[in-house]
Amino acid sequence: MKKLTKSGHKLDPIDRALIVALHQNARTSIRALSREVGLSAPGCSERLKRLEMAGVICGFSVELGAEALGYALQALVRVKPLTGQFQEVELLLATMAECVVCYKITGDDSFVCHLYTDSVSHLDLTLQKIAPLADTNTSIIKTVDKKLPAL
């Protein structure tokens, strides 16, 4: 079993099954979840509350269809701020609408950003905003394969 919290509680097979089921569909009802994992609805609800309280489940969210919203192109951009420009780059990336996720990382680059744009020209314009402050290395995302969590 894997640790659930720092206090030593463990994830059991039912906890794992709940997490996998919610990862596949976060809108699944308590009743459907309880049937899937073999618990009563109140027992299932209590398990979910415990997982939330322990910080294992941090929230339930909506996954948007980027293409349906007009964003046909996604890219991962590694960003290496020029000397003395770290804070300016960090602020720019935080306020850039195209940047849906940004990781602050170690290594040669300081950030890896996931950008959504509607075209290659929109991507170029977005990168031009970063260019005066940082070097970038861009990879266009061809496909996205949603993986289940490794539990």
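Buried means under 20% relative accessible area, exposed means over 50%, and partly exposed lies in between. The exercises below apply this definition to a predicted model.

**Exercise 1.** Classify Lys129 and Glu98 by relative accessibility, and state where each residue of this salt bridge lies.

*Solution.*
Step 1. Lys129 has a relative accessibility of 45%, so Lys129 counts as partly exposed.
Step 2. Glu98 has a relative accessible area of 11%, and therefore Glu98 is buried.
Step 3. The side chains of Lys129 and Glu98 meet in a salt bridge, with 4.0 Å from N to O.
Step 4. Lys129 belongs to helix H5, whereas Glu98 is found in the loop between helix H4 (86-95) and E4; the pair links distant parts of the chain, 31 residues apart.

**Exercise 2.** Determine whether His122 is buried or exposed, and name the residues that His122 touches, leaving aside those up to four places away in sequence.

*Solution.*
Step 1. Helix H5, which covers residues 120-130, contains His122.
Step 2. The relative accessible area of His122 is 17%, so His122 is buried.
Step 3. Not counting residues up to four places away in sequence, His122 touches Glu98 and Thr117.

**Exercise 3.** Which parts of the chain does the salt bridge between Asp109 and Arg78 tie together?

*Solution.*
Step 1. In the salt bridge of Asp109 with Arg78, the closest N and O atoms are 2.5 Å apart.
Step 2. Asp109 lies in the loop between strand E4 (99-104) and strand E5 (111-117), and Arg78 lies in strand E3 (residues 73-81), so the pair ties together parts that are 31 residues apart in sequence.
Step 3. Asp109 is buried, because its relative accessible area is 14%.
Step 4. Arg78, with a relative accessible area of 36%, is partly exposed.

**Exercise 4.** Describe the salt bridge between Arg50 and Asp15, and name the residues of the network that contains this pair.

*Solution.*
Step 1. By the rule applied, the count comes to six salt bridges.
Step 2. In one of them, Arg50 pairs with Asp15, the closest N and O atoms being 3.0 Å apart.
Step 3. Arg50 is in helix H3 (residues 41-53) and Asp15 in helix H1 (residues 13-24); the two are 35 residues apart, and the pair links distant parts of the chain.
Step 4. Arg50 has a relative accessible area of 29% and is therefore partly exposed, whereas Asp15, at 0% relative accessibility, counts as buried.
Step 5. Salt bridges that share partners join Asp12, Asp15, Arg47 and Arg50 into one network.

Methods
Residues are numbered from 1 along each chain as its sequence is written. This is a predicted model: local features need pLDDT of at least 70, side-chain atom pairs count only at pLDDT 80 or more; totals for chains, interfaces and linings use all residues. Side-chain values use heavy atoms; hydrogens and water are left out. Helices (H or I, at least four residues) and strands (E, at least two) are DSSP runs, numbered from the N terminus. Buried means under 20% relative accessible area, exposed over 50%, partly exposed in between (1.4 Å probe, protein chains only). Contact means heavy atoms within 4.5 Å.
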